[in-house]
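Open the model in your viewer and keep the selection tool ready.

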Amino acid sequence: MNILNKLVLSTFVTLLFVSASNAQTTVCYKNNWETPSTIQTTPLDGDVCEGKLSLNDMKKDGWSVVDIKVDSNQNKLNYRYFLVKGSSNTIEQMTVDTTKANFSIKPIGVKIDNIKDNKTTINIGNLLVGTSGIVVHVYNNDKRLIVSNAKVIQSNNTSSIVEFFDFKDLKQDAIPTSNRNVEINDILVLNYMYQSSLVIAPTQDTFKIVRSNFKYNNFLHSDIFAAQLKIDGQPYPSKEDIQNFSIKQNIGTIFIVVNKKVYILDAKTFNILTSYDIPYENKDLQMPFYSRVEKIESNLLTFDYSIPFITDSKPTTYEEFYKNILGLE
């Protein structure tokens, strides 16, 4: 239980896209803190806070929180706040507006007040179907435990239906599991880990462009994924390979460049959340994707030759390979 409690506290992050040309930025922090309920009124350490100003004081002075990172260490918490000031005209908050569903990496938290048939209805509308999250149970001593995964299955202008499914992200026999089910007053956190991402791109240029467009995402380099494929003897990743790797690495969103677009997927549901255009030339495309890992040899004992879009054990082109994985025509 203790390991799970530590992991759930690792990254609840609120992110904004910031153009900092006229903005001040600073980092304030508080280490080894034991009472989360008082953190916003406690003087923080760091450049501007200097052990005198609390988070509430900073907000009153015009500072906005861009990034929050919380880590657990021996039952104590380390808080780190990235703040920006003086850029009210250049901050674009990626969130859900009142008229349409937009992609967002900002976590959405809501207390569960109803449960029926393993689902809950929340009073937040215009969410993207396929958006995933977690359900957290908070104990009286401020300990937290992830009790379930969750995904949006319906959404309209005023409300959304969220379905629960098993949390199996920590597949480790040595770690005890809990039999606790989702209960009233548990906390639903959607867009969980959406700031942690993987890019699958055909060239180095497109890889760099995607990363530069999302400067506040933490992108795991595709070399690491390629290295895992090399260890597994799997030169052409399947949907399951991509999804399982992402979940093991605590990745929430997958960016796949194909068909002159960037498709952003939820790692757990593999739903396409949104897409946008990106120009690139259909030449020098690298298979299975851009990486600096040398040739990945197939393991003849495990490679699945029955995949319908593979001919003579090799995919035809990068474009066809990933269009098929995404179900694009």
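Begin by selecting Cys28 and Cys49: a disulfide joins the two, with an S to S distance of 2.1 Å. Keep in mind that this is a predicted model. A search of the whole structure finds one disulfide, so defined by cysteine sulfur atoms within 2.5 Å.

Which parts does this pair tie together? Colour strand 2, residues 24-33, and you will find Cys28 in it. Cys49 sits in the loop between strand 3 (45-46) and helix 2 (55-60), so the pair ties together parts that are 21 residues apart in sequence.

Now look along the S-S bond of Cys28 and Cys49. The torsion about that bond is about 100°, so the disulfide is right-handed.

Are the two cysteines buried or exposed? Cys28 has 0% relative accessibility and counts as buried. Cys49, at 1% relative accessibility, counts as buried.

Stay in strand 2 and select Lys30, which lies there. Lys30 is buried yet has no salt bridge. Why is there no salt bridge? The nearest side chain of opposite charge, Asp45, is 4.2 Å away, and a salt bridge needs a side-chain nitrogen within 4 Å of a carboxyl oxygen.

What does the side chain of Lys30 reach? Show backbone atoms at Pro43: the side chain of Lys30 reaches the backbone oxygen there at 3.4 Å.

Last, show the surroundings of Lys30. Leaving aside neighbours within four places in sequence, Lys30 is in contact with Ile39, Thr42, Pro43, Leu44 and Asp45, and also with Leu77, Asn78 and Tyr79.

Definitions and conventions:
Residues numbered from 1 in each chain as written. Predicted model: local features only at pLDDT ≥ 70, side-chain atom pairs only at ≥ 80, totals over all residues. Heavy atoms only, no water. Helix = DSSP H or I, 4+ residues; strand = E, 2+ residues; numbered from the N terminus. Buried < 20%, exposed > 50% of the residue type's maximum accessible area, 1.4 Å probe, protein only. Lys, Arg positive; Asp, Glu negative; His and termini not counted. Polar contact = N/O pair within 3.5 Å; in protein donor to acceptor, adjacent residues only side chain to side chain. Contact = heavy atoms within 4.5 Å.
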